[in-house]
Amino acid sequence: MVLGRPYSKLIKTLMYGALSVTLLTLVVTVLNTELGTIIIKLCLLFFIFIPPISITYLVFKSFIRKDHTMLIFLITILVIIVSNILTNIHLIVQHLLK
Amino acid sequence: MITAFLLFAIATCIGMVSAALGIGGGSLMVPFLVFLVGLDVKHAIAVSLFSVVSTSLSATIVYSRRELVNFKYGSLLEIFSVVGAIVGSNIAIIVDERLLKIAFSMILAYSAYRLLRKNENKTLLKNSVKRSLTLSSLGSFAAGSLSGMLGIGGGVLKVPIMVLLLGLPIKVAIATSEFMISLTASTAALTYYVRGYVNPYFAVAAIFGSFIGASVGSTVAVKTKPKILRIMLSALLIIFSTTMILSCLGVEIWS
């Protein structure tokens, strides 16, 4: 199953997106430190979410290609990652509002 | 400002080496952040985790574009690795740390020896694939447990497991290891992020440095001969093994 190229493109798009916004935010920080810090915090959070997003993509692809073995493995990983995010969701909100 | 540039430079260098050898680079990054940049350990781990996520994602972009990542084996081994890490961190309190370190350094030294002796062209027979998969799943569980117990990244053991037990070519093992590391590191990074240990500006410097370093490192690794990669990885394993034995004897290199 050839998954590498589309997976690579997805991560590349997400990474370049996050890095570009972060660079722009550094300019904003010079003008308004508080606003800049909040946006950078959001960028970092988005950065952490890139692997779960990419795994969701792989789950979707495996489902379409009916690769059930890989689908089970990926869903298990996704459940672990998502449960960790949900456990910390109130802390994430607190941290962003701080 | 100077600290951010220093961090950028360190992250670039470590990202290059880590992406080329299929490790996260956290165990290399943390000492630098503590002793060179002057961060305390928890803040250093937090910044290093962002660097590891960036390294692994950047390397995965390069490796998966060349179809070197084995997603099926990677996702299977990752499950065992995560479960092992949870079990390991829970039983760490009842096991003697020195004994663990000695065991871990022995495994690393043995892996280095086997990697140097291994013939890359030797492929697995069909009937031995199932056995190898079981063995490598157990190996991943053990690697995860040891990382959980000793608080180190499991990347340094993932590549030898995939090469020696699963019979994957070294480049595929390195690429798959980076894919696995991106998942583990992002989960750990979130934990440090929500507890407020992350300095956003230091994290950004580390992310940019690692991204550039890992792009270069992984591109170089793709073009490097497998034998040279095996020698480099073996050297790294021996360094880790020696450092661990020395710390058991009370000699702390970084201090």
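## Chain A

In this predicted model, chain A contains 4 helices and 0 strands. Its elements follow the order α-α-α-α from the N terminus. The radius of gyration of chain A is 17 Å, whereas the globule rule gives 13 Å for 98 residues; the value is well over the rule, so chain A is more spread out than a compact globule. The C-alpha trace of chain A spans about 50 × 30 × 10 Å along its principal axes.

Burial in chain A stands at 24% of its 98 residues. Of the contacts in chain A between residues at least 6 apart in sequence, 48% link residues at least 24 apart.

## Chain B

Chain B is made up of 10 helices and 0 strands. Along the sequence the pattern reads α-α-α-α-α-α-α-α-α-α.

In chain B, 56% of the 255 residues count as buried. For contacts in chain B between residues at least 6 apart in sequence, the share joining residues at least 24 apart is 85%.

## Packing of α8 and α10 in chain B

Two packed helices are described by the angle between their axes and the distance between those axes. In chain B, the axis of α8(B) and that of helix α10 (residues 226-248) come within 9 Å and cross at roughly 55 degrees. Angles from 65 to 115 degrees count as roughly perpendicular and those under 35 as roughly parallel; α8(B) and α10(B) are therefore oblique to each other.

On the α8(B) side, the contact is made by B:Ile170, B:Lys171 and B:Ile174. The α10(B) side contributes B:Pro226, B:Leu229 and B:Arg230. Sorted by class, the contact of α8(B) with α10(B) has 4 nonpolar and 2 charged residues, with no polar ones.

## Contact between chains A and B

The contact between the chains involves 37 residues from chain A and 33 residues from chain B. On the side of chain B that touches chain A, at least two residues each come from α3 (41-65), α4 (71-91), α8 (170-194) and α9 (200-223) of chain B. The most is given by α8(B), with 9 residues. This helix is also the one whose axis crosses that of α10(B) at roughly 55 degrees.

By class, the residues on the side of chain B that touches chain A comprise 21 nonpolar, 8 polar and 4 charged.

How values were computed: Residues are numbered from 1 along each chain as its sequence is written. Chains are lettered from A and ligands numbered from 1 in the order in which they are written. This is a predicted model: local features need pLDDT of at least 70, side-chain atom pairs count only at pLDDT 80 or more; totals for chains, interfaces and linings use all residues. Two residues are in contact if their C-beta atoms, placed from the backbone, lie within 7 Å. Ala, Val, Leu, Ile, Met, Phe, Trp, Tyr, Cys and Pro count as nonpolar, Asp, Glu, Lys and Arg as charged, and the others, Gly among them, as polar. Axes are lines fitted to C-alpha atoms, for helices over the stretch in contact, and angles run from 0 to 180 degrees between N-to-C directions. Angles under 35 degrees count as roughly parallel, over 145 as roughly antiparallel, 65 to 115 as roughly perpendicular and the rest as oblique. The radius of gyration is taken over C-alpha atoms; the globule rule is 2.2 Å times the number of residues to the power 0.38. A residue is buried if 20 or more other C-beta atoms lie within 10 Å of its own, exposed if 12 or fewer, and partly exposed in between; C-beta atoms are placed from the backbone.
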